[in-house]
Amino acid sequence: MSNINSIDGLFKAFESLKVLIFGDVMIDSYLWGKVERISPEAPVPIINVQKKDQRLGGAANVALNVQSLGATPILCSVIGNDTEAKDFVSLLEQNNLSTEGIIKSDSRITTIKHRVISGSYHMLRVDQEIDTPITPEETAQLIEKAQKLIHEADVIIFEDYDKGALHKDLIAEIVKLAKEHDIPTVVDPKKRNFLHYKGTTLFKPNKKEMKEGLKLDGDLDNINELKNAIDLLRSTLNADTVLVTLSEKGVIITNQKETHHIPAHLREIADVSGAGDTVVSAAALCCALKINHKALAELSNLAGGIVCEHVGVVPIDKKMLMAEAKRLNIQV
């Protein structure tokens, strides 16, 4: 077990960690503006753009959260060989993030999600993407990156957005590699690969993903049905620990020995996008340091709640998280 015994000590220990992140990366593009009239061409609002913004999204937002918490992330993914790829690499460099795990491919396009926002009202989203699985050649390149970078990693995160960067064979290969090097694996899953994450250390679905992934009909709002579903999930995947996010009901964490339900904290919720990325980032760092499960769940739950107070996808504010963790007396 970890010999860290304070929040200050925990955050200090985060600074020595290196995190490999495999998954789907994207650009989150925002158009902020004002609506003052309806179009004469069709019954739709006209937005007068006042500000444009491009941010790192998907697994790259997990990298930003890991970095915000003090650790060093290395992203491993496949992007296109297009204008958006240049924008993506430029965003990585602006944020002092490594580009050594990024592979450019002529057969793909770089995923970009355009969001149109008026005030705090999210009006429209337009996506550019290819979500077919990466090719055998691209898979081999990613495995090569994993073999090269794993020696300096303390934990691996799989950040799956069902856009094709992750698939069954790649996942199995990286989990096997992690086990050989005794490195914990943490998963933020989506539907397509849900049952392919066999033998991972910590598996973090939300309730909807769990219901779809296991093809369950029951009412997961019922705590007993939820616990049964988590037990089924843990045994199906042979995962050490399952952490399920329950939105306004907090999180529940289960391993072979214990189960803890951590309620959500009352907050002004502005936007839930990106909260899962923050939760998995905090959970992975705690996992790397072998922090007790209750504290891992409490800190991850707290981090996810804090980012929901902001509009748009933003990484966690480390100072705010530390202050709140101390105020709530989280025992590491």
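Which helix gives the most to the lining of the second largest pocket? That turns out to be α5, with three residues. The model here is a predicted one, in which local features need pLDDT of at least 70 and side-chain atom pairs count only at pLDDT 80 or more, while totals for chains, interfaces and linings use all residues. Residues are numbered from 1 along each chain as its sequence is written, and side-chain values use heavy atoms, with hydrogens and water left out.

On to the pocket itself. A pocket, on a 1 Å grid over the protein atoms alone, is an open set of points with protein on both sides within 12 Å along at least five of seven lines; a cavity is a set of points where a 1.4 Å probe fits but cannot get out, and lining residues have an atom within 4 Å of a point. Grid points are joined across faces, edges and corners, and volume is the space filled by probe spheres set on the points. The second largest pocket holds about 640 Å³ of space. Its lining runs to 27 residues, with Thr201, Asp240, Thr241, Lys290 and His293 nearest the centre. Helices α5 (168-180), α8 and α9 each put in at least two residues; helices (H or I, at least four residues) and strands (E, at least two) are DSSP runs, numbered from the N terminus. Sorted by class, this lining has ten nonpolar, ten polar and seven charged residues, where Ala, Val, Leu, Ile, Met, Phe, Trp, Tyr, Cys and Pro count as nonpolar, Asp, Glu, Lys and Arg as charged, and the others, Gly among them, as polar.

The largest cavity has a volume of about 90 Å³. Val25, Val78, Arg108, Thr111 and Lys163 are the closest to its centre among the 13 residues that line it. Strand β4 (residues 72-79) provides the largest share of that lining, three residues. The lining of the largest cavity splits into seven nonpolar, three polar and three charged residues.

Helix α10 (residues 318-327) has Leu321, Met322, Glu324 and Ala325 as its buried residues; buried means under 20% relative accessible area, exposed over 50%, and partly exposed in between (1.4 Å probe, protein chains only). Seen down the helix axis, the buried residues of α10 fall within an arc of 170 degrees, so they line one face; the arc is that of the directions from the helix axis to the C-beta atoms. They pack against α1 (7-14) and α9 (293-307), whereas exposed Lys319 and Arg327 sit on the face turned away from the buried side. After the helix comes Asn329, with a positive phi near 55 degrees.

Thr278, in helix α8 (residues 275-288), is buried, at a relative accessible area of 0%. Leaving out residues up to four places away in sequence, Thr278 touches Asn65, Ala303, Gly304, Val307, Val314 and Ile316, contact being heavy atoms within 4.5 Å.

Leu97, between α3 (83-94) and β5 (102-104), is buried, with a relative accessible area of 7%. Val44, in the loop between β2 (25-38) and β3 (45-58), is partly exposed at 41% relative accessible area.
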